[in-house]
Amino acid sequence: MPNLSSEVAIATFGLTKQFERQIAVNDVDLTIRAGEVYGLIGPNGAGKTTLIRMLATAEEPTVGEIYINGERLSFDQTAPHLKRLIGYLPDDFPLYDDLTVWDYLDYFARLYKLRDPHRTRRLRYVLDLVQLTHKRNSLIATLSRGMKQRLSLARTIIHEPILLLLDEPVSGLDPIARMQFREIIRALQEAGMTILISSHVLSDLAELCTSIGIMELGFLVESAPLAELYDRLSRQQILISTLGTLEPLEQHLKGHPHVCHTEVVPGQNTLRVNFEGDAEAVADLLRSLIQSGIPITGFNPTREDLETIFLKLGHQQAS
Amino acid sequence: MFNPWFDWIGDVNAQMFREWKGRLKPQSVLIVMALAIAGQFLLMAHFQTQLPSEFGYPVYFCEINSATRTCLMDAQGQPIILWGKWWQSIFQSVNWCLILLAMLPGVYFLATDVDREERQGTLDFIRLSPQSSRSIMFGKMLGVPVLVYLAIACILPFHWYTAMRASAPPAFLLSFYIMLMAGCWFIYSATLLGGFLSKLQASLVGIQIGSSLSLVMVLVVLMWFVPAYVSWNLATTWHPYTPFLIGPNASTDSTNLQWFHLPIGTHLLLAHGFTLAVLAMGSFWIWQAVDRCFHSPGRTILGKAQSYSLVAFLELLTVGFFFQEVRYGYHDTFYLDNFIAFAVLNTVLFIGLTFLLANHRQALLDWARFRHFYTPTSRQQTPEPQLPRATRVNLWKDLLLGEKSPANLAIALNLLIFAALTLLWIAGWGSEYRPAYLFAAILLTVNMMAIYAAIIQLMLMMKNTKRFIWTVLALALVMGLPLAIAAFYHDNHQLQAIRWLLLSPAPAAAFYSGQLGIGLIVQAFVAQVTALVALNGKLTLQLRRAGESASKTLLDETSRRAALGQPAMRSALTK
């Protein structure tokens, strides 16, 4: 029994999965701390789904070990108590079309051995959370795709898992359904769940995640807190606009210690400045520009987003 | 419908609750009850038409006037009806209706349901729940055919009434229900196993069988299981009651069927105990297989460790039937006849066992590539990692007990169990038949079985997705060809015929010939051992290649191409 800290929700060691002679997941060592929202990104075929399926016990690893909450996941035994800790939402979500929304959730609540009155309370809570209370007596066949997706999420969390594995949960959803989904994930995170989420929609992940893992060709090539990734890989840029000519502005910036590079934004009276410095340095720069009398009309600090970081790392992300 | 009692059922078995809830809709319940009751009326109406009219026809159920071949009339001019026979015929029909109703629609519904859940992927969610496979299987068995059970419940009062009118003894009714339930339990279990394996079947034959699986299962039950099961019961448990199943003129004589000299053909209690024990054991093994397939669909249907006890059980079961009293007196080939029958039965059994036990390509590739891997010991990325150091798995132990290793050695050990039990059986014959010849026959038979097993395991390593079909074809060729050649030489070249017969699925058949000498036996033995070495050598080579790392494959490929003056290929990695 490894002495894994109780704060670690998931730990994998040398996790490998081979299909034919193709290695889908290659010697992955992954650690996710309790309470994190961990985003898994990577191109199609990078091994994200296989990794998540192995963590969900839906796929047996070829070699390697998985620890959930410090306890080794055994594929020889059914490990019912560990299964209760995990909620898994695959990218496809087959449902029973002949059941009503309530009966479907009731069935899964019973499969996870929830007893009344707790079961009924829980059903009401998750229906409210996924905003399907008004559809509780509707047949599943009559629901829209977004509703079915939310119902699947309700099924995934009905037994109060502490670890949620979501594989492409927003694929195929319209912007409103995606926003609703994001809100639910945020509520679940606030409830203390550890969430591993794979998605091609990096803007969503940037909003939700505390850590990011990047997979390519089966390898986990990057795994770090989002803030660290930004610090390490994201350049800060400031768009500065002025009323007059750009020359005085360029002159002023030339000797500034935090300014690395400037370029003129074509067609606008604006400079794009690559800036290395913290928020205080940004404020100092703005103050010095105003004090120098340059007629500043715009001062807009930005950071490169997750997608740019991902592309900069040499990966190609389908979004 | 939804009351505390129903809710309690749901807490006890969620699967059964879900099936009942989905199926026991008022409309369906009313339709099934109406159909069951209408069926009984139709049956009665049909038998009503079989009663003789005032003209003395038809004559099925009346005293017959042998002169006119019409019904005998009483003083009132009414035909003398044999009411007992009439009710017996109705009872007989209801018995068959119950047997077919219990088995066919039940099997169809179960196969369709599990196959659909497996293909849609909904079964995966059930797998991920903390429910045991037994609980799910039990729920499916009691839940999916619930409308069939309801129909049977509607027929039961009519069945009891007809039994009473037909003067059927309560002992028969009790036996009928017990054996019907036991048979259904067994065949339903087998159906669920077939359903859980539907994905595997699709991968084996390279095509999605889909809903036709249910029809295949129903056909198997109709054409094989029901006739075999009813025949067995008529010969053992129900032999005094045969008129209630196959007509008033059926013989009620007992058979001389024995198992290790236990008179299961004559002693009713023994017959019931034996049949129920065999069905219980059969169901136990099926549930073991379901347990494996349910939680890990990629595994072999049977584990190697399980196979040894299963083979010992099956060998004891089958050899027991060869301990029969010699009814028609001793004759020259009596022992050889028995041995050949036993050996052929076992060849079929071992081929089936090899298919259950043999790993397919992916498992063998995994085993070849990753068998030597240690469990990782310490990783810097993990908080305070202190993983235990794993021990290297012993190769022999892995081959005999491992999940992903090739099945050849495990089959060899099972063959040893077969050979040991056969030797014990033959030792009981004393020196009445040439023991050395029988020993040689066992050796040649075991070798042939090992060759078939090696072919199956080798063929299942094929890259072709239709590897199962190719394996069956190759096996049919290897088994059929020597027999065909032996038949070709039979008239003119006796020695050639014997030579080929020794390499057939029944080498012992060659021992009938007076021309068989020690030289031919040695030749056959050498040929078999050569084939075994070649097949196992080929498998070892393939596994060794599969075990090479991708980088080694790439390097080999690159150096090969460099030697040929060709550019290196990235695709070598994926070979």
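Ile240(A) stands opposite Leu271(A) in S13(A), in a model that is predicted. The two strands concerned are S11 (residues 236-242) and S13 (residues 270-275) of chain A, which pair in the antiparallel sense over six bridges. Strand S13(A) is also joined by six bridges to strand S12 (residues 259-265) of chain A, and these strands too run antiparallel. In this second pairing, Val259(A) has Phe275(A) of S13(A) as its bridge partner. The hairpin formed by S12(A) and S13(A) has four residues between its strands, and Gly267(A) takes a positive phi near 80° there.

Another part of chain A holds an open sheet of four strands, in the order S2-S1-S4-S5, with antiparallel pairing. Because strand S2 (22-33) and strand S5 (71-72) of chain A stand at the edges with a single partner strand each, one side of each is left without a neighbour in the sheet. Helix H1 (residues 48-55) of chain A packs on this sheet and touches S1, S2 and S4 of chain A, while its direction makes about 60° with that of S2(A). Within the sheet, strand S1 (residues 8-19) of chain A and strand S4 (residues 63-68) of chain A pair over five bridges in the antiparallel sense, and Tyr67(A) in S4(A) is the bridge partner of Ala11(A). As a general point, strands of a sheet pair through backbone hydrogen bonds, either parallel or antiparallel.

| Strand | Partner strand | Sense | Bridges |
|---|---|---|---|
| S1 (residues 8-19) of chain A | S4 (residues 63-68) of chain A | antiparallel | five bridges |
| S11 (residues 236-242) of chain A | S13 (residues 270-275) of chain A | antiparallel | six bridges |
| S12 (residues 259-265) of chain A | S13(A) | antiparallel | six bridges |

Taken as a whole, chain A contains 11 helices and 14 strands, and its C-alpha atoms fill a box of roughly 70 × 45 × 35 Å, taken along the principal axes. Of its 319 residues, 40% count as buried. Among the contacts in chain A between residues at least 6 apart in sequence, 68% join residues that are at least 24 apart.

The nonpolar interior comes next. In soluble globular proteins, nonpolar side chains tend to be buried together. The largest nonpolar core here has 182 residues, and those with the most contacts inside it are Ile10(A), Ala154(A), Leu165(A), Ile195(A) and Leu196(A). Helix H18 (residues 435-459) of chain B gives the most to this core, with 15 residues. When its neighbours within four places in sequence are left aside, Leu165(A) is in contact with Ile52(A), Leu55(A), Ala56(A), Ile86(A), Gly87(A), Tyr88(A) and Leu196(A).

Where in chain A does the backbone take a positive phi in a residue other than glycine? Leu217(A) is one of these places, with phi near 50°, and Leu217(A) lies in the loop between strand S9 (211-216) and strand S10 (219-225) of chain A. Because Leu217(A) has 14 C-beta neighbours inside 10 Å, it counts as partly exposed. Asp27(A), which is not a glycine, also has a positive phi, of about 50°, and its place is in strand S2 of chain A. With 16 other C-beta atoms within 10 Å, Asp27(A) is partly exposed. A cis peptide bond joins Asp116(A) and Pro117(A), with omega about 5°, and Pro117(A) has its place in the loop between helix H3 (101-111) and helix H4 (118-129) of chain A.

Chain B is divided into domain 1 (4-49 + 82-298), domain 2 (51-77) and domain 3 (334-372 + 394-548). The C-alpha centres of domain 1 and domain 2 of chain B lie 40 Å apart, and four residues of domain 1 of chain B are in contact with four residues of domain 2 of chain B. On the side of domain 1 of chain B that touches domain 2 of chain B, the residues divide into two nonpolar, one polar and one charged.

Pro4(B) has its place in helix H1 (residues 4-12) of chain B. With 8 other C-beta atoms within 10 Å, Pro4(B) is exposed. The C-alpha atoms of Pro4(B) and Thr266(B) are separated by 49 Å, and these residues are 262 residues apart along the chain.

Conventions: Residues numbered from 1 in each chain as written. Chains lettered and ligands numbered in written order. Domains from an automatic or database assignment. Contact = placed C-beta atoms within 7 Å. Nonpolar A, V, L, I, M, F, W, Y, C, P; charged D, E, K, R; others polar. Buried ≥ 20, exposed ≤ 12 C-beta atoms within 10 Å, placed from the backbone. Pairing = 2+ DSSP bridges. Axes fitted to C-alpha atoms, helices over the stretch in contact; angles between N-to-C directions. Core = buried A, V, L, I, M, F, W, Y, C linked by C-beta atoms within 7 Å.
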